[in-house]
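Have a look at the sequence and the model first.

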Amino acid sequence: MPHRRLLLFLADVEGNLTALRQTLKRVCEAVDLPTPEVKWVETPPDGLADAGWHAAEVALPPAPGRKARKSEQPFLEEQLDAMAQAISQDFRERTLGIFVDREHSYARTCVSGPGRPSKAVEGEVLDVMRQAARWLDVETGLLARMLGGGNTARNLLAAAVDFGGDAAAVPSKPPEPDEDDRFVEAKLAQARAYMEQYRSARK
């Protein structure tokens, strides 16, 4: 499994990969980067769909060494926030992106919703995973297995997250949602209720 991974989580999406690629193409063209390959995660873990999320993985090119990177050309992962914001606007759904570089113990996550300011957190992998899991309303262990299963991830997050069989084995309860989180969740619940009414009316 690669050390560097970038996943995008889209809420309540019908699975339109072509539209997703078009959005990513627009973001990348704005900073003169080639459009990356993107695909849905084939076997998302249990609990992700239950929370209303679809996961897509963006293929990252190999990171050049410091000496090789003489120009100011940005890295693809540096566009994480722009990707999340653009997808949220285009799909009119809540979107979360997370980038993890396990080799350097660094991660960044950004959550964006239509009509709401985006939020981003970066730092140590475990801290960022915990925050992303809170925004996604899933267990931290679920994200950990998606982003870095195996011995490397086990060593990286040793004694913090159980990478074994039980996704619920998380040592600490995530912090309580703040006022903005509660506002967004209330609006999402309201939107889901309206969508259910709309779908019922069409039947």
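Serine 112 has 5% relative accessibility, so it counts as buried (under 20% relative accessible area with a 1.4 Å probe and protein chains only; exposed is over 50%, and partly exposed lies in between). This is a predicted model, where local features need pLDDT of at least 70 and side-chain atom pairs count only at pLDDT 80 or more, while totals for chains, interfaces and linings use all residues. Residues are numbered from 1 along each chain as its sequence is written, and side-chain values use heavy atoms, with hydrogens and water left out.

Serine 112 sits in strand E5 (residues 106-112). Helices (H or I, at least four residues) and strands (E, at least two) are DSSP runs, numbered from the N terminus. Apart from neighbours within four places in sequence, the contacts of serine 112 include Ala84, Gln85 and Ser88 (contact means heavy atoms within 4.5 Å).

| Side of H1 | Residues |
|---|---|
| Buried | Leu17, Leu20, Thr23, Leu24, Val27, Cys28 |
| Exposed, turned away from the buried side | Thr18, Glu29, Ala30 |

Seen down the axis of H1, the buried residues fall within an arc of 130 degrees, so they line one face of the helix; the arc is that of the directions from the helix axis to the C-beta atoms. Among the elements covering these buried residues are strand E1 (4-11) and helix H2 (80-91).

Just after H1, aspartate 32 takes a positive phi of about 60 degrees.
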